[in-house]
Amino acid sequence: MSEHTTPSSSPAANRAPGVCVPWEEKRQEFPKIMGDEAIVKRTWEENDQLAYLFIWHCLLSF
Amino acid sequence: MSDTMEALYQQRLQRYVTALRNGKPDRVPVRPLAAEFVATYAGYTCQEITQDYNKAFDAVRKCASDFQWDACVGNMVYVWTALTQAMGLKYYASPGVEISADTAFQYIEPPEHAAHMLPEEYDALIEDPTAFLFNTWFPRVSNDVDAPGEAVTFRHNMALVKGGMSMLQYFGALGQQNARLRAECGTPPAIGGMLKAPMDIIADKLRGYMGLTNDLLTIPDKVMAASQALVPHLTHMAVTLSGADPERNVPVAFWMHRGCVPFVKQEHFDAIYWPTLKQVIEGIWSHGLQTLFYAEGDWTAHLEAFAELPEKSIVFHLDQSDPVETQRILGKKFCITGGVPNALLAYGSEDEVRAKCKELIDLCAPDGGYCMDASAIMQNDSKPENVRAMTDFTIEYGKY
């Protein structure tokens, strides 16, 4: 199993609200981003937030 | 959407929001949190509305139109059991499956030895709540989801995919339901989401009530630290939920279950429950969002603490708290809602219901700042004629 599939052992311990896998962690997987990094970052964070909402809704709503 | 229906929506929204901000509208709003009652009224079983949310939505719209409520929840039954089954959640008993088709869904609290979080796992929760939920809690509460390190199964993959997709589907449908309530019934939403106090989350979903109360005696510092760790996430969730109500008209509801005396000692309320809940409420209020304290049970012992909050930051829902004391201590700063006993709606006469409504309006609504509702969510034992009496009496007697 690769490191980034085990969040509790990832560098992102104490991750902020709204975040599962921080962009800073994901960014390290790309040696170079050829185009606009801001687009990649924004879309990563928007999708990442969905995973956060999923687990917290499981806890709070269901 | 017809101009007439939109005008009705705006009129009701103005009435409801004015009362929520402790102001004086044209009359007392009627805002029932109607759950399985809508099934009774619309001719469905509990199983039908819990398993098929379209039937629940249909039943809510029928009630909103027929009773002419000023605000309601798009689906107060809320738990769509097809979604919880997709994830393999263990802690629900679904109508028509584990329990009879005409019984409301039930939450199954595990025995203390099988709690969803072990006492030695507090540190992991405190260090990284989101990772703890994914890695430890979710596999434990699901029959299908595997923990990291376990062999990944087909059912594991399906639970994650189906769970995520069904949640998106359901929340999208709830948005459409609110749009239909507006366009077809002229009815605003009653609330903008549902959350819980940090310590209630630990009791309800992590340690269980028995586990929590033991922990309060043996490891109170861990309970406090865990409650603190949940605070920023709850604040974030509340602000995120408000995206469905960008003008922030309606409150986020907090289900307050077992944080009051005698479920916990006063000292634990003072030291842990209240300081951490207060942080969340103040954080939410700093974003312009009100909180509805859905205070189940009797919170009379804690009213003075709630009075510390900024004016208008909360709406206090009356269940079994003393109505006179509630009005005396909180009435000048906050809107009060509810107070009609559910037993009265189930077993009383229409005259008794009207008398209770008069008593509540006279006490809590002399200068606005009150919304008519039952003490707790209305389930399938509320008699339609009594709900009609509560509604019609308020519309007539509640005029200013």
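A:Leu60 sits in helix H2 (residues 37-60) of chain A; helices here are DSSP runs of H or I with at least four residues, strands are runs of E with at least two, and both are numbered from the N terminus. The model is predicted: local features need pLDDT of at least 70 and side-chain atom pairs count only at pLDDT 80 or more, while totals for chains, interfaces and linings use all residues. Residues are numbered from 1 along each chain as its sequence is written, chains are lettered from A and ligands numbered from 1 in the order in which they are written, and side-chain values use heavy atoms, with hydrogens and water left out.

**Chain A and its contact with chain B**

A:Leu60 counts as buried because its relative accessibility is 4%. Buried means under 20% relative accessible area, exposed over 50%, and partly exposed in between (1.4 Å probe, protein chains only). Not counting residues up to four places away in sequence, A:Leu60 touches B:Leu195, B:Lys196, B:Ile201, B:Leu234 and B:Met237; contact means heavy atoms within 4.5 Å. Chain A has two helices and zero strands, and buried residues make up 40% of its 62 residues.

In the interface, 25 residues of chain A are in contact with 40 residues of chain B. The buried area is about 2800 Å², and carbon and sulfur atoms give 76% of it; this is the accessible area (1.4 Å probe) that two parts lose on being put together, summed over both. One salt bridge is found across the interface, the term meaning a side-chain nitrogen of Lys or Arg within 4 Å of a carboxyl oxygen of Asp or Glu. The partners are A:Arg15 and B:Asp128, with the closest N and O atoms 2.8 Å apart. On the chain B side, the elements giving two or more residues include helix H8 (154-185), strand S3 (194-196) and helix H11 (220-241). The residues of that side are 27 nonpolar, nine polar and four charged. Here Ala, Val, Leu, Ile, Met, Phe, Trp, Tyr, Cys and Pro count as nonpolar, Asp, Glu, Lys and Arg as charged, and the others, Gly among them, as polar.

**Strand S6 of chain B**

Strand S6 (residues 314-318) of chain B has five of its five residues buried. In a regular strand the side chains alternate between the two faces of the sheet. On one side of S6(B) are B:Ile314, B:Phe316 and B:Leu318, on the other B:Val315 and B:His317, and all are buried. The pairings of S6(B) are listed below.

**Two positions in chain B**

B:Arg27 lies in the loop between H1 and helix H2 (37-42) of chain B. With 9% relative accessibility, B:Arg27 counts as buried. Its side chain makes a polar contact with that of B:Asp70 (2.8 Å). A polar contact is a pair of N or O atoms within 3.5 Å; within protein, one must be able to donate a hydrogen and the other to accept it, and residues adjacent in sequence count only if both atoms are side-chain atoms. Beyond its neighbours within four places in sequence, B:Arg27 is in contact with residues including B:Arg15, B:Thr394 and B:Tyr400.

B:Ala7 is in helix H1 (residues 3-20) of chain B and, at 46% relative accessibility, counts as partly exposed.
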